[in-house]
Amino acid sequence: MHKAKTPVLVIGGGIAGLSLASRIAGDTGVILLEAENELGYHTSSRSARQLIPSYGPPAVQDLTVRTLALIRELEADLPEPILVPRAFMLVGTEEDVRDRASGHMYPVTIAEAAALAPELGTGTFEAAGLDTTSVSCNTDILLDWHRARIESSGGRILTGRRVDSASRTGDGLWTVTAGGESFTAEIVVNAAGAWADPVAALFGVRERGLQPYRRTAAIVEAGNPPAADGPMVASAEDTFYYRPDLEGVLISPSEAVPSPAEDARHRPEDIAELISLVNSLTGLELGRTVRAWTGLRTEAADGLPVVGFDDAVPGFYWLAGQGGYGFQTSSGIAEFAAARLLGRDPVLDVSGALSPARTGL
Ligand SMILES: Cc1cc2nc3c(=O)[nH]c(=O)nc-3n(C[C@H](O)[C@H](O)[C@H](O)COP(=O)(O)OP(=O)(O)OC[C@H]3O[C@@H](n4cnc5c(N)ncnc54)[C@H](O)[C@@H]3O)c2cc1C
């Protein structure tokens with residue numbers, strides 16, 4: 001096993017950086033640097049918390065299945081499970097649903113769909129597909145499990161440390177500064193989410209065209225709420241999704257609007273428009289917004305994560321571009337990346353599909 005001479009430096013304290021750091025801590029030294037004063041402040045605290053094996057391109061689907069298996073293993077350490085079964089149902093035109101209903105998703109009749117989600121008007125969609133392997137995840141507990149594992153394995157987590165400069169010393173080590181402190185590392189992992197390209201540029205690494213896209217979600221009260229164990233329902237045309245929530249209904253307009261890397265804020269008019277759309281298509285009778293938020297989903301041009309050593313700059317490891325799949329692929333990607341960093345054989349080899357050197361990036 002390769003043992004780095006210096007702690008591996010992980011930049012970013014979202015689900016990507018935390019899950020990788022928790023995977024390698026114990027086998028090698030690790031220091032995680034997070035710019036904000038708390039972990040998971042950006043996209044990782046703003047998700048819909050759903051893991052959907054039928055969602056995404058094939059490599060993402062494989063990583064999702066692997067992630068579910070790995071999270072089920074770590075649930076043994078927890079007082080209660082963090083994965084709760086919640087089917088995922090896609091509704092839309094025959095053509096749109098047929099295109100996406102494969103693998104873990106199978107077609108269901110309109111009558112079956114209406115029995116699962118009676119709030120859906122049967123006249124509003126032509127076809128439905130169902131993924132019964134999908135689960136909701138308590139992502140707060142997952143993030144905290146990783147934090148605790150890093151710390152109990154001797155890793156260090158430093159918040160309020162924005163990496164703002166990097167240089168290479170004669171012996172090939174990186175010198176990185178963050179929050180006025182200086183760190184030395186043989187290997188740096190770029191898990192900076194929406195800031196992954198600007199962070200790469202700091203290290204003199206070619207950017208990969210990683211684009212952040214806004215996505216909004218809200219918890220809204222409903223006059224006629226769906227069953228607590230009802231499915232997450234999404235339009236195949238990506239115009240909305242909703243699912244039951246303890247405080248009401250979680251809804252999203254499923255938008256993907258390009259954004260600079262920033263602390264994204266929701267626009268109340270987007271929520272108002274969405275409530276009116278969902279009310280026109282369902283009997284949910286959505287009303288008052290309990291809370292709303294916007295996060296950034298950051299993607300490469302081909303929609304696949306960018307994971308692996310940079311092909312031109314030694315000691316720089318990409319862990320970025322997780323888009324809308326960051327939680328559902330987290331443990332699978334961390335397991336793969338840890339194997340690569342520690343010189344082991346990965347269980348699931350996604351090196352070709354996710355390579356930072358692939359065509360088009
Ligand atoms: C509305 C919405 C719904 C979603 N729903 C789901 C879902 O149901 N299932 C799912 O799997 N995914 C979902 N996602 C996507 C998922 O949330 C993301 O893929 C995931 O959180 C990305 O994690 P990350 O660690 O890469 O990024 P982040 O959580 O953004 O973490 C990156 C961190 O890097 C830090 N950083 C940046 N620059 C520096 C620097 N220079 N120095 C130090 N630190 C730095 C940032 O402060 C940040 O904390 C959703 C996203 C949104 C917005």
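## Exposure and basis of the model

A residue is called buried under 20% relative accessible area, exposed over 50%, and partly exposed in between, with a 1.4 Å probe and protein chains only. This is a predicted model, in which local features need pLDDT of at least 70 and side-chain atom pairs count only at pLDDT 80 or more, while totals for chains, interfaces and linings use all residues. Residues are numbered from 1 along each chain as its sequence is written, and side-chain values use heavy atoms, with hydrogens and water left out.

## Two residues with positive phi

Most residues other than glycine have a negative phi. Glu285 is not a glycine, yet its phi is positive, about 55 degrees. Glu285 sits in the loop between α7 (268–281) and β19; helices (H or I, at least four residues) and strands (E, at least two) are DSSP runs numbered from the N terminus. Its relative accessibility is 53%, so Glu285 counts as exposed.

Arg49, also not a glycine, has a positive phi of about 60 degrees. Arg49 belongs to the loop between β2 and β3 (50–51). With 27% relative accessibility, Arg49 counts as partly exposed.

## Ligand surroundings

The ligand has 37 residues around it, of which Glu34, Ser44, Gln50, Gly323 and Gln328 come nearest; a residue is near if one of its heavy atoms lies within 4 Å. By class, this shell has 14 nonpolar, 15 polar and eight charged residues. Here Ala, Val, Leu, Ile, Met, Phe, Trp, Tyr, Cys and Pro count as nonpolar, Asp, Glu, Lys and Arg as charged, and the others, Gly among them, as polar. Domain 1 (8–49 + 139–210 + 301–354) and domain 2 (88–131 + 211–298) both contribute residues to the shell, so the ligand lies between them; the domain bounds come from an automatic or database assignment.

A polar backbone atom of Arg49 is 3.3 Å from a ligand oxygen. For Gly324, a backbone N or O atom lies 3.1 Å from a ligand nitrogen, and for Gly326 such an atom lies 3.0 Å from a ligand oxygen. Taken alone, the ligand exposes 1000 Å², and the protein buries 97% of that (Shrake-Rupley method, 1.4 Å probe).

## Largest nonpolar core

A nonpolar core is a set of buried Ala, Val, Leu, Ile, Met, Phe, Trp, Tyr and Cys residues joined through side-chain atoms within 4.5 Å. The largest one has 46 residues, of which Val10, Leu20, Leu51, Leu142, Val189, Val307 and Leu319 touch the most other members. Elements supplying at least two residues each include β1 (8–11), α5 (139–152) and α8 (330–342). The largest share, seven residues, comes from α8.

Methods
Polar contact = N/O pair within 3.5 Å; in protein donor to acceptor, adjacent residues only side chain to side chain.
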